[in-house]
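Reader: I am new to reading models like this one. Could you take me through it feature by feature?

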Amino acid sequence: MKEILEILEKDARTTPEEIAKMLKKGVGAIKSAIKKYEKEGVIVKYKTVVNRDILKDDVQKVRALIEVRVAPQRGHGFDHIAERIYRFPEVKSCYLLSGSYDLLLVVEGRDIQEVSSFVSERLATIDNVNSTVTHFILKRYKADGDILKRIEKNNRIAISF
Amino acid sequence: MKISRVIENMKPSGIREFFDLVIGMKDVISLGVGEPDFVTPWNICESAIFSLEKGYTSYTSNKGLYELRLAISKHLKNKYALSYNPDHNILITTGVSEAVDLALRAILNRGDKILIPDPSYVSYEPVSEMAGGKTILVKTSETDNFKLTPRLLKKYISKGVKAIILNYPNNPTGVSYSRKELLALSKIFVDNNLIVISDEIYDELTYDFSHTPLATLPGMKQRTIYLNGFSKAFAMTGWRVGYACGPEEIINAMTKIHQYTMLCSPIMGQLGAIEALRGSSGSVLEMKREYKRRREFIVSRLNEIGLYCAMPEGTFYVFPSIKNTGMNSVEFAKSLLYKEKVAVVPGTAFGSQGENHIRIAYASSMDNLKEATERIGHFLKNAH
């Protein structure tokens with residue numbers, strides 16, 4: 001039933017009826033498998049991939065990648081301090097990394113000032129946060145496996161043997 | 001100006017007019033395309049770009065790049081325990097289409113009889129005739145799922161039949177043969193001393209059992225011309241790279257023709273093909289899984305909306321029956337195109353036995369398949 005996930009990751013709108021046909025299974029079985037995945041948190045939620053760069057009159061939001069060095073805490077390791085940080089709604093993603101710094105955040109704000117003040121006033125002031133480095137994102141080419149540029153359609157001739 | 005009698009007598013494709021209609025119409029969902037909807041995997045494209053930057057733009061040896069022949073030899077050995085020597089038994093061609101032509105011209109004398117299943121891929125009959133052969137159409141039937149059976153085959157074999165063209169998994173029907181079925185057929189091929197041109201271009205797209213190359217069966221390797229290529233499995237149709245494997249004297253004969261008519265397959269395509277064999281098995285499996293899901297979906301939907309459709313074992317084609325609509329296959333295809341803007345290929349494009357059937361290619365996105373089956377369902381409701 002793991003193939004259900006593969007299908008939904010490609011297109012979350014695929015209905016249980018369609019999945020049942022694709023996998024040659026009963027609709028009931030598919031529905032309950034999806035329910036189970038949702039309950040277990042395997043399926044977290046269903047979202048839409050949006051490329052706002054195309055909306056000309058849209059207010060562009062600003063995103064930055066932020067490297068954070070922290071001091072891990074006794075008994076909690078990194079989890080505790082990570083949670084202190086990722087609970088902020090401005091933090092869109094949060095990863096613990098190997099290498100020269102510990103946490104990598106994706107932070108979103110209305111403009112550069114907003115992101116900067118989030119970093120300097122909220123993030124850097126947390127106990128155990130030792131240092132931060134901010135990289136503003138200038139352009140997104142590909143995100144989570146999706147190329148954001150409109151790729152020219154593969155122009156196959158409409159009919160061939 | 002007078003053109004040659006052979007070409008003049010060649011039957012024009014009965015559905016040229018229909019093809020022109022499709023090509024001239026806008027916003028059509030086409031399920032009539034005989035090639036993958038995927039783009040060639042990027043590692044292959046990238047390696048071809050790199051080769052151009054390095055200046056690899058020359059001819060190759062007539063037989064094709066040795067490195068590619070070696071890669072093919074290894075591939076067939078690993079996958080099928082089928083061993084062909086890269087020096088003597090393998091020829092790189094400009095797609096399987098060229099290989100079919102070369103094989104036929106290499107083996108046929110004027111008037112030699114050759115068996116061709118009906119329905120079958122469109123080039124076999126005219127190319128056999130151009131090579132001087134006398135074609136005998138083996139009329140397969142829907143009750144056998146359009147497969148050759150020993151009984152049917154025996155009916156058509158007579159003195160003077162020299163060769164047969166086999167294609168599995170099959171375009172247009174999608175059916176393939178199990179090892180057991182092939183064994184039964186191969187006994188007849190051996191007993192009657194037939195040469196078999198075995199077009200196995202869709203081998204990677206076999207869903208329900210493992211593909212068995214004909215040449216791996218007892219007594220078959222010395223009489224089989226094994227044809228395969230990169231178009232379908234690696235989504236490389238436009239690259240035009242195929243290959244033929246077979247006994248040394250046949251490969252030499254084919255190379256003789258090839259060196260004068262084609263010289264060699266384009267080097268960019270050959271270099272891309274090397275990369276395809278080296279590092280694309282992941283992409284091939286991924287595409288295959290996707291095709292399989294689409295196959296289950298389309299067969300189930302077509303039966304649901306009232307077109308009887310068997311579950312084919314391979315390719316990306318299904319060949320449903322339209323008999324209960326009362327229309328013939330060209331009428332059906334035309335009417336469906338006009339009324340619902342969905343293009344399919346009439347079964348008669350592949351031979352008269354294809355009457356009452358249409359070929360649907362499911363090498364199209366799930367969104368297209370959903371919408372197209374919806375429209376076909378609507379079409380059927382209004383047709384009654």
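Author: Start with domains. Domain bounds come from an automatic or database domain assignment. In chain B, the centres of domain 1 and domain 2, taken over C-alpha atoms, lie 24 Å apart. This is a predicted model: local features need pLDDT of at least 70, side-chain atom pairs count only at pLDDT 80 or more, and totals for chains, interfaces and linings use all residues. Residues are numbered from 1 along each chain as its sequence is written, while chains are lettered from A and ligands numbered from 1 in the order in which they are written.

Reader: Which residues belong to domain 1 and domain 2 of chain B?

Author: The assignment gives 5-40 + 282-378 to domain 1 of chain B and 55-279 to domain 2 of chain B. Chain A is divided too: domain 1 is 3-40 and domain 2 is 53-143. The C-alpha centres of those two domains of chain A are separated by 34 Å.

Reader: How many residues of domain 1 of chain B are in contact with domain 2 of chain B?

Author: First, the rule: two residues are in contact if their C-beta atoms, placed from the backbone, lie within 7 Å. By that rule, 32 residues of domain 1 of chain B are in contact with 33 residues of domain 2 of chain B. On the domain 1 side, α11(B) supplies the largest share, six residues. Helices (H or I, at least four residues) and strands (E, at least two) are DSSP runs, numbered from the N terminus. By class, the domain 1 side has 16 nonpolar, ten polar and six charged residues. Ala, Val, Leu, Ile, Met, Phe, Trp, Tyr, Cys and Pro count as nonpolar; Asp, Glu, Lys and Arg as charged; the others, Gly among them, as polar.

Reader: And how many residues of chain B are in contact with chain A?

Author: 22 residues of chain B are in contact with twelve residues of chain A. α2 (16-24), α11 (281-305) and α13 (366-383) of chain B are the elements that give two or more residues to the chain B side. α11(B) gives the most, five residues. The chain B side divides into twelve nonpolar, four polar and six charged residues.

Reader: Which residues of α11(B) are buried?

Author: A residue is buried if 20 or more other C-beta atoms lie within 10 Å of its own, exposed if 12 or fewer, and partly exposed in between. In α11(B) the buried residues include B:M287, B:Y291, B:F297 and B:L302. Charged residues are among them, including B:E290 and B:R293. The buried residues of α11(B) pack against α2 (16-23) of chain A, and against β9 (317-318), β12 (358-361) and α13 of chain B.

Reader: Is B:R105 buried or exposed?

Author: B:R105 is buried, because 20 other C-beta atoms lie within 10 Å. B:R105 lies in helix α5 (residues 95-107) of chain B. B:R105 touches B:A131 and B:I257, not counting residues up to four places away in sequence.

Reader: Now sheets. What is the strand order in the open sheet of chain A?

Author: Two strands pair if DSSP finds at least two bridges between them. Four strands of chain A form an open sheet in the order β2-β3-β1-β4, with antiparallel pairing. β2 (91-96) and β4 (129-136) of chain A are at the edges with a single partner strand each, so one side of each has no neighbour in the sheet.

Reader: Which residues of chain A are bridge partners?

Author: A:V91 has A:V107 in β3(A) as its bridge partner. A:L105 in β3(A) is the bridge partner of A:I66 and of A:C94. β2(A) and β3(A) form a hairpin with six residues between them, and A:G99 in the turn has a positive phi of about 110°.

Reader: What is the order of the seven strands in the open sheet of chain B?

Author: The order is β2-β8-β7-β6-β5-β3-β4, with mixed pairing. β2 (90-93) and β4 (134-139) of chain B are the edge strands, each pairing on one side only. β5 (residues 161-167) and β6 (residues 195-199) of chain B pair in the parallel sense over five bridges. B:A163 stands opposite B:I195 in β6(B).
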